[in-house]
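Student: Could you walk me through this structure? I'd like to go piece by piece.

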Amino acid sequence: MKKLLNIVLVATAVALAMGVVSCKKDNTEDPGNTPKAKYTIMLYGCGGGDIDMQLEDALEGLVKGLGIEKNQVRYTVMYSMSAVNKDFKDTYRGELGKTYRYELSKDTDLTQAGYRRKYFYKNASEVELYKASTLADFIQWSMKTAPAENYIIEFVNHGGGFDLETEVFTKGIAYDDNHKDAQGDGKGIALCTIAEVLKNAGIHLKAIYWNGCMMGQLEVLTEVAPYCDYQFSSSHVAYTDNNHVVSFVNAINAEPDDFEKAALAHKQLMIGKGETDESSFLYSYLHSYNQKTKKEEKVNGDFGCWRSAKLSAINEQVKKLGAFLVKVYKPESEKSNVDNATSWVYLYEMSYGYADVLDYAQKVADAISDQALKAEAQTIAADLKKAIADANVYRINCVNIQSADKKPVTTKEGGFSLGISLYAGKVSDDWQYASSSANYKASAFDKAVGWSKWMDINEFRVSSDQDHPNLTNPGNDTSWELFWLNDHHED
């Protein structure tokens, strides 16, 4: 399975019971004499494939910002360096194929020799990041090393959302290429595994920061919603730099007593001080390399913060939408209307079929011919729009892609609704695999919504052909080549 992602961290923490872990010098546990910090952020994951260097750069940027303002934020890290990037082995400060675990602070030594000697934990081949026990142990160690009033967990590395192609149910983020699955892909930590760890911890997080591609799905957010107050995510292929990491810490330092104010400060820091134009948001976040033109080109992007407790109201409307679609799909006249409408829904990434949920509801409502049914669908779409707005603390939307006639590629709303997606594209015949549909039906989202009842009868398939009319985020295939948009745009 190709991984169309590029992240670079930041994410956030969770807590378990206290555990005793053997540590070395400069990696020692807090003796219990230091007052609790306001927040401890736990970064967990791997460099993986092509972002080891970005990970190190971000950590270096953090060293300069930690411990400056009243010690509001402490920061623990555990990550593995990819063993396969041998061409770059002399470029990194950390050593390839090694796992590092330590508390990052203003005194952290990230020189090459100091880094490798002081913070080495184990060989990456011995550390199975995708296992619940590994994450749980890191959380226990972090809580003892850097006790705090609030915990956040950061998941680092490539993200894939609720990917039907992988062997593990809801395999979500941090694909570690030091450990391959049967398909030859790096094993990632599954959403269900993360939820299991958090549930067993019995501790409620302040936030989870998904700094990875395509983690803005309802399927993703719903799986861990009971265990955290907020979630940060992107529904697109995400390109980031260390601005994400550093600005998050700076924002919390600036607003330690009001997390939503801190989130809004984070948004402003990412856009740029004094900037109001979100389309300029982090150029490095919004570009892709076009192999045909040999140039970097801007792509569409989003990033937002969600209130976990408000997601259930969104899911209630999606449940109504799914039931409505099942009801109207059998009559031939409405079936063709629905198929035509959904073929024009905005997709965040073509190869995965992750559709914008609000655009999906609105386009279906517009396409229904029976007036009574149309009114029902319009009510669902309107209520869904309100529920999304209520759940959203902030979002950044960047519309850069243009169709052949130079009109911006957007949803009906002129953006990406509020940057939240769900599996609706039905790529190829993935759904026909028993393991895929069965795994989806075991998700917290489907148990609450029953969206699979619609997927079971939906005959429409997204084509990976570049001439397909679906709106998409041209972005990454294995050669990082942009798809070429034809003449699809909003009328």
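Tutor: Gladly, and please keep in mind that this is a predicted model. Let us begin with strand β12, which covers residues 301–307 and pairs with β15 in the antiparallel sense over six bridges.

Student: Which residue stands opposite Phe303 there?

Tutor: Opposite Phe303 stands Ile396, which belongs to β15. Helix α11, made of residues 371–391, packs on the sheet and touches both β12 and β15, with a direction that makes about 80° with that of β12.

Student: OK, and what order do the strands of the sheet come in?

Tutor: The sheet is open and has nine strands in the order β4-β3-β2-β1-β5-β8-β9-β12-β15, with mixed pairing. Because β4 (120–123) and β15 (392–398) stand at the edges with a single partner strand each, one side of each has no neighbour in the sheet.

Student: Which strands does helix α1 lie across?

Tutor: Helix α1, residues 52–63, lies across β1, β2, β3 and β5, and runs at about 160° to β2.

Student: Switching topic, how many aromatic pairs are there?

Tutor: The structure holds 21 aromatic pairs. One of them joins Tyr102 and Tyr115 in an edge-to-face arrangement, with 6.4 Å from centre to centre and 75° between the planes. Since Tyr102 lies in strand β3 and Tyr115 in helix α2, the pair ties together parts that are 13 residues apart in sequence.

Student: Are those two buried or exposed?

Tutor: Both Tyr102 and Tyr115 are buried.

Student: And which residues form the aromatic cluster with Phe303?

Tutor: Phe303 forms one aromatic cluster together with Tyr39, Tyr209, Tyr230, Phe232, Phe248, Phe259 and Tyr394.

How values were computed: Residues are numbered from 1 along each chain as its sequence is written. This is a predicted model: local features need pLDDT of at least 70, side-chain atom pairs count only at pLDDT 80 or more; totals for chains, interfaces and linings use all residues. Side-chain values use heavy atoms; hydrogens and water are left out. Two strands pair if DSSP finds at least two bridges between them. Helices (H or I, at least four residues) and strands (E, at least two) are DSSP runs, numbered from the N terminus. Contact means heavy atoms within 4.5 Å. Axes are lines fitted to C-alpha atoms, for helices over the stretch in contact, and angles run from 0 to 180 degrees between N-to-C directions. Rings of Phe, Tyr and Trp (its six-membered ring) pair if their centres lie within 6.5 Å; planes under 30 degrees apart count as stacked, over 60 as edge-to-face and the rest as tilted. Buried means under 20% relative accessible area, exposed over 50%, partly exposed in between (1.4 Å probe, protein chains only).
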